[in-house]
Amino acid sequence: MWIKPDPGNPADAVLMESPVGTLKLKQGSTGKLGFTKEHYDSTFNYSVPEGKWTHLTFKGDNKGVTLFVNIDEYVERMEETYPKMNTLVLPTLRIGSATNAFKGVLDNVMIYNKAIDLQNSDNLALHQKAESSATEFPYYSPDMAVDGDVSPTSRWSSAYVDDAWFLVDLGDVKDISKVIIRWQAAYAEKFKLLVSTDKTNWTSVSGDKDGVIHSKGNLDIITFDAKQARYVKFQGVKRATVFGNSFFEFEVYGADHIQEYKQLIAQMEDLLQQVDNNSKLHELLLQVLNRYPYDVNRELRPMQDLIKTSPGK
Ligand SMILES: [Ca+2]
């Protein structure tokens with residue numbers, strides 16, 4: 001669904017409700033997206049921005065629920081084996097609420113009775129071999145950053161040096177195009193991201209002319225043109241704190257066409273403003289836009305062709 005909340009929504013503002021539960025823009029006083037079911041509160045570590053359109057996808061199964069924001073800008077999985085409190089039954093009896101409706105707009109709410117196959121959800125680093133420079137404590141070992149667990153004690157933490165490094169071996173050479181770093185409070189203000197197929201020759205994938213990436217901590221999502229890599233390395237340049245560098249998870253994702261798809265969608269949105277509301281092109285554009293992002297796996301060529309048919313192109 002698309003959502004554009006007004007500024008200043010109150011605590012517990014409800015997006016949807018039914019007797020079985022509520023989906024909330026703000027879970028309690030956290031300000032974060034969440035849902036309540038059978039008196040259990042589940043909260044995503046994500047606040048929906050006010051005053052602008054954001055796309056949310058909830059992918060639910062019998063174990064938990066995954067949140068995708070604008071396809072791949074923020075992704076979180078909530079799952080708990082017992083009790084199964086993090087599963088979501090979408091409460092769609094009412095959009096808004098009889099008592100505490102959120103203020104804002106929802107658009108294009110689509111509900112499927114099967115899990116949507118969004119690309120790019122396989123973390124290639126998960127449970128692979130990892131190694132690093134000296135750690136702060138033996139138990140904050142490099143494998144803790146590739147175990148898929150973001151709980152407070154499951155993290156890699158380096159000794160208190162600027163040039164700490166960490167690398168993961170993907171097992172085989174793969175095309176990759178995205179790395180996500182989920183930082184603990186001790187993050188790197190400056191670092192490099194390097195890839196290699198032989199563990200000897202390294203290339204930086206992003207950053208300034210020296211390959212230096214600047215971070216503000218919390219979460220770094222680094223996307224780049226597809227690169228071949230078996231080894232993916234974090235190279236610290238400058239620490240942000242007196243401590244070392246520490247992250248809960250270091251995730252690597254394969255090449256895909258999400259970025260290209262999103263660019264085409266943006267072009268189509270621009271085009272939609274320019275064409276006659278009653279034209280065939282307008283109708284065709286809406287057909288594609290209304291399917292965003294559910295058709296992320298679609299062929300891109302028809303979208304490119306459609307843009308080319310527009311007047312002035
Ligand atoms: Ca971890």
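This is a predicted model: local features need pLDDT of at least 70, side-chain atom pairs count only at pLDDT 80 or more; totals for chains, interfaces and linings use all residues.
Some housekeeping: residues are numbered from 1 along each chain as its sequence is written. Local features need pLDDT of at least 70 and side-chain atom pairs count only at pLDDT 80 or more, while totals for chains, interfaces and linings use all residues.

The domain assignment gives domain 1 (2-107), domain 2 (129-254) and domain 3 (258-308); such bounds come from an automatic or database assignment. Taken over C-alpha atoms, the centres of domain 2 and domain 3 are 36 Å apart.

Now the sheet. Five strands form an open sheet in the order β8-β7-β6-β1-β10, paired antiparallel. Strands here are DSSP E runs of at least two residues, helices are H or I runs of at least four, and both are numbered from the N terminus. Two strands pair if DSSP finds at least two bridges between them. At the edges sit β8 (74-79) and β10 (104-107), each pairing on one side only. Strand β7 (residues 64-69) and β8 share six bridges in the antiparallel sense, and T66 stands opposite R77 in β8.

On to the helices. Helix α1 (residues 258-274) packs against helix α3 (residues 301-308) at about 30°, with axes 10 Å apart. Axes are lines fitted to C-alpha atoms, for helices over the stretch in contact, and angles run from 0 to 180 degrees between N-to-C directions. So α1 is roughly parallel to α3, a label for angles under 35 degrees. L264, Q267, M268 and L271 in α1 meet M303, Q304 and I307 in α3, with contact meaning C-beta atoms, placed from the backbone, within 7 Å. Thanks, all!

How values were computed: Angles under 35 degrees count as roughly parallel, over 145 as roughly antiparallel, 65 to 115 as roughly perpendicular and the rest as oblique. Two residues are in contact if their C-beta atoms, placed from the backbone, lie within 7 Å.
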